[in-house]
Amino acid sequence: MSDWIQICDGQAIPPGHAARVEVGELPIAVFNVDGEFYCLDDTCSHAMASLSEGELHPRECAIECPLHGSQFDLRSGEPISLPAVEPVRVHQVELRGGEVWVALSEEEL
Amino acid sequence: MAVAAKDLTKDYKYGFNDGDQFVFRAERGLSPEVVADISRRKGEPAWMLEFRLKALEHFRQRPMPSWGADLSGIDFDEIYYYVRPAEEQGRTWEEVPEGIKRTFDRLGIPEAERKFLAGVSAQYESEVVYHSIREDLEKLGVLFSDCDTGLREHPEIFRKYFGTVIPPNDNKFAALNSAVWSGGSFVYVPAGVRVDIPLQAYFRINTESMGQFERTLIIAEEGSFVHYIEGCTAPTYSKDSLHSAVVEIIAMPNAHVRYTTIQNWSNNVYNLVTKRAIAKEHSVVEWIDGNLGSKVTMKYPSIYLMGEGAHGEVLSVAFAGDGQHQDAGAKVIHVAPNTTSTIVSKSVSKGTGRTSYRGHLKVYPKAYDVRSSVRCDALLLDEQARSDTYPYMDVEAEDVQIGHEATVSKVGDEQLFYLQSRGISEQEATAMIVNGFIEPFVKELPMEYALELNRLIALQMEGSVG
Amino acid sequence: MTREDAIPAALCGGEPSWLATQRQTALAAYREVPWPASTRDEDWRRTPQIDKLDPAAWAEPDELGPGRLPPYLAAALDSQLRTDAVSSLVVTDERGNLAGPPAPGSGPVPVALDLGKGLAADGRLWEGVMGTVAPPGLRKWISLNTIRARAGACIHVGRGEEPPGYVRLLHGVSQGSAAFPRTLIKLEEGASLTVVEEWVSPDADPCLLAPVVEIDLGRGAHLTHAIFQRCGDGTVVQSTVRAQVGQEARYDVRWNMLGSSWQKSYFETLMLGPGSDARLVGLCVGRQRQHCDVQTLQDHVAPGAVSDLLYRVAAAERSRSVYAGLIRVEEGAQKTNAYVQNRNLLLSPQAKTDSNPTLEILANDVRCTHGSTAGRIDDNQLFYCESRGIEREQARRLIIEGFFADVVDSFPEGALREYGRELVLEALAELARSGALAGHSRAA
């Protein structure tokens, strides 16, 4: 696991919202589901789409890609429905003193 | 850093009352009101209404595909999305073109069926046949009904699988179907059950047969077998110019599902279909796909080989006569290791007809030990005919054996000469050669269909089919 | 230059006014067409590197004109191809045409001239070729080459002439610059010639080489054209080779893609004359994170023509190969015979190959086939070698050599075939050195 990076103020991402952040060349998506934060690679594993623009399904704790509708589990990054079949990477995310911090996964793309 | 967060929760209620008053809408065109009306009329649960409305929104936003056949002739505003007024039910027997009537004669189609196929009668009178088959199936625990009934009587199974193979925003026409679907089949085969007789769409009752926006869902539990057949070889008249169906199949471990389609829609129809199957461990899924009619067909049956040891097969035939464009193909996605697939596509273009094969074979990195072979052959019978082949092979694993071959040619002069020198006319000889060309497909059909198809090809060669 | 705009270059020593006009036309085309995008353009769908490529990043060369030969070019000149058979030599880099040593086998009149000299000598002739075979509006990279070309070659062979030996072209680029060499080849009726091109650049140099070659073959002419791409690992290559093949003329082209960081190369043959014949043969060895995108076109306009393509790829380590090839038979092009074969050998679990051969057939009395395979080294072949005492890594090398044999042997015997073989062996040795041929256990 790599170093922790400070991303933003926790208030900037209210519940039911998501933000796309570029860490260097890598776009990541930070989600707030009823106060819990999750962080995935922003790019869908199926095609070039931004998960931070999709639809949140709080009950299933999943994000639905806006392009072809694949849902990904926010906790594991695994696809729950087609057409995506590969998972997206999950990054560790924490709230420290009201600030959102992220540690990028070291898994190779 | 400063970030701009987006609200990702969506509300599809559109501010309707939940009251049960609804207005009968027999107008053309698509709107949230029409969709809500469809749902209310069917008495659907709230989740299905939300599903439909969300799909509608996606349909409106999604642009038309930039590839494929020419769809500029479709006028979405002129379509009746649910009910048409009674006086628009069909046509009279006198209006049916002579060529079609002759074909029915030559193919030996029974009287009752003729009126139905020709669009003269709205219902297929098959009660007697249907009832006895239905009893047999019930004994096995097989569920076979239309989807509306399936949703109503088996909501848990339905909700678990519906839309999981083809999500509403998979493509524009899946979105349309998801918004206004009606009819289609719901098939559930319990574990270990073998359904020996092929299930056919005709066996369902109380449906708008051959609806425009059919939705079919087939679930085959572990170790089961089922063969489903839709369509028929005889020319089938449809007043509706747009058919946009969705078929979802889930084959559980060790299950075997075969889905046969023979489509011969009248030449005013745009036939745009999304068909996809998920094949789990050691299961087998076969798409047997015959495209004979319609003005334009866009259809690419696909199989996701998700479980180890699964096998997928697509066997398709496309026949394009004057003014027709059959844009068909197959998609096989190897996700799991030790999976195999075979695709065979045969197409014939006559007159100004055009056939296109579009295929996608993808092997994901974790799918090692994969074998796949694709074979596309096209026969061009006349100077004006056209054929295209657009296969994609994306291979991301090393331990594979992938092969693809395609040929395009005309009927061989030597073959023709040989047959003609034995007293066979050029037309008959061409028919024989074409029948031989599509033989791998025909031999997979139940016998009555095979015979009908052979006869139909012979008729096409004579140019006597209207 | 930027993605939207560019400043037209000019040839040192002057250029005809029609060329300046062509550059302006190309500039208008360049401004009108957006930069390619992998999410929007089908051609670029599998090559997303184009999205990050920024023309503004390339440096302008320090000086223009025929300066000294940089070391990497001098070394390239001193290769196996430095034989008596070389009849003309043209050397270019980002500064323009350079003064190379005299060609060992040159006669009184060189067959190939530097671009500027050629245009000055016979402007009318070249005006009918340049921008005609490869119109600037065809794609953005062609218009950019038309705008920025500072160097190249004019190769003209007269009626019935068959100059012995071969013309050698060496195109280089370095110092983080961009070079756009333009080569024009015209063979008159019954003429025959062999042209060998090499594209080179130093390693770890973030430069761009974007050659365009336009070829016009008259009736019964025969051109043999070999291309060796051996660019450094920081170089981006964007190329178009486009040939108009006349009646009963023959075009033999061989490409060998062995270097660069990533590339997209077009090979297009237009069968304009009845009975014309094109043979396209190529190979690619991918290593590290190389990305090689080759796109071919066999366009049968005239009847009775033959075109036959064979492209073999060996993808090792984390490399990726993308191939798209179109056989198009226009209405009336009866009695066409057209073939495409793409064979992909995967040498590691992370390698990727994409293959998309397509057919668009509008005439019916034709014979067109295509085939594509992808797979790893055959276990039976490996076992055979090992059971004869050949150790695994060496066995794999032998098998890969065998895989490329028909491509390498498609050259007539002689210096060219030996050169081609040498380069393939060198590439395989490189792979062996970096452990890419060691073989491994199946992915868990």
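In the predicted model, 16 residue pairs are in polar contact between chain B and chain C, both partners having pLDDT 80 or more. On the side of chain B that touches chain C, two elements give two or more residues, namely β19 (386-395) and β20 (400-409) of chain B. Sorted by class, this side of chain B holds 14 nonpolar, nine polar and 11 charged residues. The contact as a whole draws 34 residues from chain B and 40 residues from chain C.

The size of an interface is often expressed as the accessible area lost when the parts come together. Between chain B and chain C, the buried area is about 3000 Å², with carbon and sulfur atoms giving 45%. Within the area that chain B buries against chain C, Y392(B), E398(B) and V408(B) supply 22%, more than any other three residues.

Charged side chains also meet across this interface. Side chains of opposite charge can pair when their charged atoms come close. Five salt bridges are found across the interface of chain B and chain C. One of these joins K352(C) to E396(B), with an N to O distance of 3.4 Å.

Strand pairing links the two chains as well. Strand β20(B) pairs with strand β21 of chain C, residues 366-376, in the antiparallel sense, and nine bridges connect the two. Within this arrangement, H404(B) is placed opposite S372(C), a residue of β21(C).

The interface of chain A and chain B was examined in the same terms. Here the contact involves 32 residues from chain A and 26 residues from chain B. The area buried between chain A and chain B is about 2300 Å², and carbon and sulfur atoms account for 56% of this area. The residues of chain A that lose the most area to chain B are E55(A), L82(A) and V85(A), which together make up 26% of what that side buries.

Three salt bridges are counted between chain A and chain B. In one salt bridge, K54(B) is paired with E55(A), and the closest N and O atoms are 3.3 Å apart; E55(A) is also among the residues of chain A that lose the most area to chain B. Five residue pairs are in polar contact across the interface of chain A and chain B, both residues of each pair being at pLDDT 80 or more. At least two residues of the side of chain A that touches chain B come from each of β1 (4-9), β2, β5 (55-57) and β6 (62-64) of chain A. Strand β2(A) provides the largest share of that side, four residues. By class, the side of chain A that touches chain B comprises 18 nonpolar, nine polar and five charged residues.

Strand β2(A) also takes part in pairing between the chains. Three bridges join β2(A) to β1(B) in the antiparallel sense, and H17(A) lies opposite D7(B) in β1(B). These strands belong to an open sheet of four strands, ordered β4(A)-β3(A)-β2(A)-β1(B), in which the pairing is antiparallel. At the edges of the sheet are β4 (36-41) of chain A and β1 (5-7) of chain B, each of which pairs on one side only. From one strand to the next, the twist averages 25°. Within chain A, strand β2 (residues 17-23) and strand β3 (residues 26-33) run antiparallel and are joined by six bridges. In this pair of strands, A18(A) stands opposite F31(A) of β3(A).

Over all chains, the count of salt bridges comes to 69. One of them lies within chain B, where E248(B) pairs with R215(B) and the closest N and O atoms are 3.1 Å apart. Because E248(B) lies in strand β8 (residues 246-251) of chain B and R215(B) in strand β5 (residues 215-220) of chain B, the pair ties together parts that are 33 residues apart in sequence.

Two features of the backbone were also noted. Most residues other than glycine have a negative phi, and most peptide bonds are trans. A cis peptide bond, with omega about 0°, joins L82(A) and P83(A). The loop between β7 (71-73) and β8 (92-96) of chain A contains P83(A). In chain B, S294(B) is a residue other than glycine with a positive phi, near 80°. The position of S294(B) is in the loop between β11 (284-291) and β12 (296-299) of chain B.

Technical notes. Residues are numbered from 1 along each chain as its sequence is written. Chains are lettered from A and ligands numbered from 1 in the order in which they are written. This is a predicted model: local features need pLDDT of at least 70, side-chain atom pairs count only at pLDDT 80 or more; totals for chains, interfaces and linings use all residues. Side-chain values use heavy atoms; hydrogens and water are left out. Contact means heavy atoms within 4.5 Å. Buried area is the accessible area (1.4 Å probe) that two parts lose on being put together, summed over both. A salt bridge is a side-chain nitrogen of Lys or Arg within 4 Å of a carboxyl oxygen of Asp or Glu. A polar contact is a pair of N or O atoms within 3.5 Å; within protein, one must be able to donate a hydrogen and the other to accept it, and residues adjacent in sequence count only if both atoms are side-chain atoms. Ala, Val, Leu, Ile, Met, Phe, Trp, Tyr, Cys and Pro count as nonpolar, Asp, Glu, Lys and Arg as charged, and the others, Gly among them, as polar. Two strands pair if DSSP finds at least two bridges between them. Axes are lines fitted to C-alpha atoms, for helices over the stretch in contact, and angles run from 0 to 180 degrees between N-to-C directions.
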